[in-house]
Structures are given as C-alpha cells and as structure tokens.
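Subject: Structure for your files

Hello,

Here is the structure I said I would pass on. My notes on it follow below.

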Amino acid sequence: VRALAASPALANLRRLDLRSCNVGPLGVQALAASPHLRNLVDLDLGGNSVKESGAAALAASPHLRNLVR
C-alpha cells in the first residue's frame, strides 16, 4: 500500500477500492499522507483493520478533503 500511495500515477484517481485487502493502520496512514490522492472522492477500506490510528490519519489528512465516501 505504501508503494501505491507514493505513485504519482494516482493524481487523477477518483475512486479507490481496497476492500478486504489486508490494509492495516500503517497502510491507511500512507494513503492519508499521499498528496497524489488529492482528487479522490471515494475510498473503500471495508473489511480491513483500519484501527483508530488509521481513521484519525484519514480524518486529519489535508490531501483527502474531497472524500465523500
């Protein structure tokens, strides 16, 4: 997930479905820290172990302000 989050190829991505992909808090934090995901409006992390730290990172991310879902 860290390599994915670091990819500039995601700059125009609007939807990312990572349901049940074994994404943990560190992976979620990497997504939240990625400036390449600034156009994302839909992020599905269902079935993953996001934990409180991952949820907090998503909520605080300046890069994910466009998220609707």
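**Burial and overall build**

Of the 69 residues of the chain, 35% count as buried. Please keep in mind that this is a predicted model.

The chain has 3 helices and 2 strands, and read along the sequence they follow the pattern α-β-α-β-α. The radius of gyration is 11 Å, close to the 11 Å that the globule rule gives for 69 residues, so the chain is as compact as a globular protein of that length. The C-alpha trace spans about 25 × 20 × 20 Å along its principal axes.

As for contacts, I counted those in the chain with a separation of 6 or more: 85% of them are accounted for by residues 24 or more positions apart.

**Surface and charge**

The accessible surface of the chain comes to about 4,000 Å². Carbon and sulfur atoms hold 55% of that surface. On the charge side, there are 8 positive and 4 negative side chains, and 6 Å separates the centres of the two sets.

- S20 lies in the loop between β1 (15-17) and α2. S20 counts as exposed because its relative accessibility is 55%, and the cut-off for exposed is over 50%.
- N22 is placed in the loop between β1 and α2 as well.

**G27 in helix α2**

Helix α2 covers residues 25-32, and G27 is found in it. Is G27 buried or exposed? G27 is buried, because its relative accessible area is 11% and buried means under 20%.

I also looked at G27 together with L64. The two are 37 residues apart in sequence, and their C-alpha atoms are 15 Å apart in space.

**In brief**

Regards

Conventions:
Residues are numbered from 1 along each chain as its sequence is written. This is a predicted model: local features need pLDDT of at least 70, side-chain atom pairs count only at pLDDT 80 or more; totals for chains, interfaces and linings use all residues. Side-chain values use heavy atoms; hydrogens and water are left out. Helices (H or I, at least four residues) and strands (E, at least two) are DSSP runs, numbered from the N terminus. Buried means under 20% relative accessible area, exposed over 50%, partly exposed in between (1.4 Å probe, protein chains only). The radius of gyration is taken over C-alpha atoms; the globule rule is 2.2 Å times the number of residues to the power 0.38. Contact means heavy atoms within 4.5 Å. Accessible areas come from the Shrake-Rupley method with a 1.4 Å probe; for residues, only the protein chains shown count as cover. Lys and Arg count as positive and Asp and Glu as negative; His and the chain ends are not counted. The place of a charge is taken as NZ of Lys, CZ of Arg, CG of Asp or CD of Glu.
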